[in-house]
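Subject: Structure handover

Hello,

Here is the structure I said I would pass on. Please look through the sequence and the model first, then read the notes below.

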Amino acid sequence: MIENTVMLLIIVPLLFSLLFVALPKSLYKILAWALFILGAALSVNLVLDGTGVVQIGEPNFAMLENVVLILEVLVILFILAVSAKYKNWPTLGLGIISAAIFAYTFSNVPKVEGASFNIDQFSQVMILIVNIIGTAIILFATGYMDQYEEHRHLNRQKTFYFTMSFFLAAMNGLVMADTLGWLFLFWELTTLCSFVLISYNMDEEGINNGFRALALNLVGGIALSIGIILLATNNVSTLSGIGTYAGTNAAALAAVALPVALLCVGGFAKSAQMPFQSWLLGAMVAPTPVSALLHSSTMVNAGVFLVVKLVPAYAGTSLGTAIAVYGSFTFVMCSALALSQRNAKRVLAYSTIANLGLIIASAGIGTPLAVAAAIMLILFHAISKALLFLCTGEIEHTIGSRDIEDMSGLIKKAPLLTTLAALGMVSMLLPPFGVLLTKWVSMEAASSNPVVIVFLILGSALTTVYYAKWLGTILSSSMDKNAVPHKKLETYFPLSLLGLAIVVTSIFVFPIYDYFVKPQVDILLKAAPAISGLAGEFTTEIGAFTYIVIFVVLALAILIYLATKNMFTPRMSSYYMCGENNLERDRLMFRNGLCSYEKSSVSNIYLQNTFGESKLTTLGYAISIILIAIALLGGIGL
Amino acid sequence: MNMNDILTIVLVLIGAPILGCLASGIDRRITARLQGRVGPPILQPYYDVKKLLSKDNMIVNPSQNFYVIVYLVFIILSLLMLVFKQDFLMIIFVYTVASLALIVGGMSTGSPYARVGSSREIMAILSYEPVLILYALAIYLLTGTFKLTAVLDASSPLLIYTPLIFIAMIVVLNIKFKKSPFDYSTSHHGHQELVKGMTTEYGGPGFATIEIAHFYEYVFLTGLIFLFWASTPIIGVLIGILVYLLIIVIDNITARVYWQWMLKLSWSVLLIISIVNIAYLYYSQAKLV
Amino acid sequence: MSLAKSPWIIHVNVNSCNGCDIEVVACLTPLYDAERFGVLNIGTPKQADIMVVTGSVNYKSVNVLKNIYNQIPDPKVVLAVGACASTGGIFHDCYNVIGGVDQVIPVDAYVPGCCPRPEAILDGVVAALSILEEKKKGNIKGKEVKLKGNEVPSNA
Ligand code: SF4
């Protein structure tokens, strides 16, 4: 049963990617709906199948292993070919190093006898994210890409949909694979998809940013492959095996420390953590569905997925502390950088990096509570961020800009879209929604480590600020830009679905925790977090979060509002502009001293001089590289 | 939920605004005296609210009053959570909802004055929120839990372990009360260079809601100070009152500063002294008994 | 009685020589302390009850006056302070002056004087208060004053 589902999860998206190539553009909508329904059904099916390990033995294994080898060679050849074609020498160099490592692995490292897929609750969560959110994003793309290409005079939709569904297959493989060799293949495949999609526009900016992403991810990939080779010398060839091996005795724990640190560096690169963050920012040139799918809710999560899976190998060690400090540092640094950004996609990109940093920090703390927080944050963050990215894309199509200041007054022009975007933002920073709840859990868990908690506190205040600015701007009622909202089912269905998912997952956070997270933490750390939940309360050993009360109060507020709305004879009036309003043309215009009219304009505070990229990025690079070096040195045991 | 709890809730719902109203009246009275005036009656804030409720509901935007209702109910919720000794970190987050609701309410009116006020208030969040959470952290380090039960059950006061955070909290209260020198988001009566800041477009019942919420907020914020000496409630209340009076005095003897100053003050002085205090707690392993 | 205990005023200067304004502000000083009666000088019309107008109306300020009048929620009263606001005062035959405030918006009470003493202004406020109460009782609403564009010369 479960074998079939696992195989289908990889094969179906592959099949669809071929269908997208084979069939004409007019059928894409139907294909996307079909993919969405199939993806949702399959992932739910996988959850229903339960957990388990799928062994691939002879004779299938030999065949599949050859496929994997061929694919790996192809990946490397592809990298070498494109980097040579575009004369991108750093990437070429990194490609050659990868090739050398591959050759070394092929000739020197003992072959494994079988491969396995390990379906645990964490994989289930990731599969749900990838296959429901991911396919919903592809569905959204069918309503988005036509207009996108029209603006940019492109006609590459076949490439787009092919890569997107191919990516889903790779991602599904990545989160289920247990054999490190296979995991590495899927890892590199997602990197490639990301490269193709970032350089989708085929202009100079796109290609440069694509290569930056490729190069930085290759660095991560190299770290990963060295880690895998080192692990192979200890006869560890599976992801779950690392934890088991590290758990045997202290010597084993010390032996795997360096490879684990290297694997984590690979994860950091994939998750665009601090010294690698530039690729994710560059990746924002890609079409918004790509940002939503690869660069916020799934692919970048692969990095933290790996880091969390490695928890048993570093929980409680100094390596774990280093990882926690590193993650929380990225959190505060990227939150500060997000504060100075006006470009909505860059804000979201920084916010993504920051939240992934928070996940890494929680994983690094390594207590059951913190690891539970990390896993839940992956889920909630993926939903909220996917919604926010898609909303930004749609806003861009509505007003023709992605500058936050231009979005003021959006609520007047596109109320539903704005409400959904506002829901996404609120869910990122306010109770009772999931992201805040998990942030709360991780803060409580981190409170034993003074450095980490101070970073988390600062970062969380900064997060509140940059989202508050944006939230206030879109909800304000003064409109500057012309806006043309278009109501398309394939646009609004994914948006509403994600919005609904935010609310539902936040309401049912305890069952979700109980079903998915608790057993997983049990597997990872052999100890369940001391979290209990009674009637809408989330109680840890050091605190309690009664989220249900907040839902009730929120509902109450809405009720009071509706009840009192007409109690006090409402009367509309104009803004107070010292009486100098222009009531005919634009209510935000005022009369100046020369009796002509001028527009008032207000902008938010961005603190460019304190938190600007030029001020903070270098500092961020320096400190984060030092922190990674410390982690690696700690791994060697110095 | 037993009879006692319900009674407490009702008591808080009714008692807090009365207290807050009196406090606000006393504030205006003292301010007047400090300026050599007689000042309004103590019950003046009550008359104001009553009057505002009897006025027309003039709005620029149909949803603007929704945000102030959210502000009001979440202030009440955070006060109730404080009274019921809930998780302190959680209380701060709930309180953030309230603050943000008011800011978004100001922004939502779209008036330039309100938007300038709101963006300044957002900067105020940046200044005080870290200090508040550090306060929560201090409570955790001292009691081993974020729940306030431990603080209220302890026999020794919090203040002797957290003097620096106490100082920082006074400034935080100053920012939160929107009193001079940090009164730039909703300028008070005399000073109108931003008209009324965030609340420029609110009038009648909407503004009355904001005023009532302020009454609850006064009690809530003074409650945070009360926690510093909760072991002997009388002293706690006294400290709360003293800090409140101190803030009124500061209000009257200082001029408004730029918001940049506040940010600098907060991130350089307040944060540092709070972190020093936290570091002391962490290394001395002091525990509240 | 609720209105009379907390009259919040908005002070509008439409074309005053500033003499009246200084006297209005003097009401708030410790000597006269209008806040004794709950009077607050509030900045925004949305929260005001009493509109205190000083100066005669001219073509440039007429729309400002009307706009602000329209933005005060009912019940509201208008208090014309000074000779100028009441009749046009010494500026009444100036080329750009329309006249007293009552030429443009309904005025409920007048305070004579050039400039009136603060006591007189406070007296006017108290007189306005009883009118305010009556308006509340009778549920009398101020009419929305129409802005006429031609009152503003295109480039005065
Ligand atoms: S009444 Fe007299 S003091 Fe008042 S504005 Fe007119 S001229 Fe000036």
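Around the ligand sit S16(C), C17(C), G19(C), C20(C), G82(C), A83(C), C84(C), G113(C), C114(C) and C115(C); a residue is near a molecule if one of its heavy atoms lies within 4 Å of it. This is a predicted model, in which local features need pLDDT of at least 70 and side-chain atom pairs count only at pLDDT 80 or more, while totals for chains, interfaces and linings use all residues. Residues are numbered from 1 along each chain as its sequence is written, chains are lettered from A and ligands numbered from 1 in the order in which they are written, and side-chain values use heavy atoms, with hydrogens and water left out.

The shell around the ligand has six nonpolar residues, four polar and no charged. Here Ala, Val, Leu, Ile, Met, Phe, Trp, Tyr, Cys and Pro count as nonpolar, Asp, Glu, Lys and Arg as charged, and the others, Gly among them, as polar. Helices α1 (19-28) and α3 (82-87) of chain C each supply at least two residues of this shell, and the largest share, three residues, comes from α3(C). Helices (H or I, at least four residues) and strands (E, at least two) are DSSP runs, numbered from the N terminus.

In chain A, D403(A) pairs with R342(A), their closest N and O atoms being 3.2 Å apart. This pair links distant parts of the chain, 61 residues apart. D514(A) pairs with K518(A) at 4.0 Å; both lie in helix α23 (residues 509-525) of chain A, four residues apart, about one turn of the helix.

Which residue forms a salt bridge with D49(C)? The partner is K55(B), with the closest N and O atoms 2.7 Å apart. D49(C) lies in a loop of chain C and K55(B) in a loop of chain B, so the pair joins two chains. D49(C) is buried, with a relative accessible area of 0%, and K55(B) is buried too, at 4%. Buried means under 20% relative accessible area, exposed over 50%, and partly exposed in between (1.4 Å probe, protein chains only). Salt bridges that share partners also join R28(B), R37(B), D48(B), D33(C) and E35(C) into one network.

Regards

Notes
A salt bridge is a side-chain nitrogen of Lys or Arg within 4 Å of a carboxyl oxygen of Asp or Glu.
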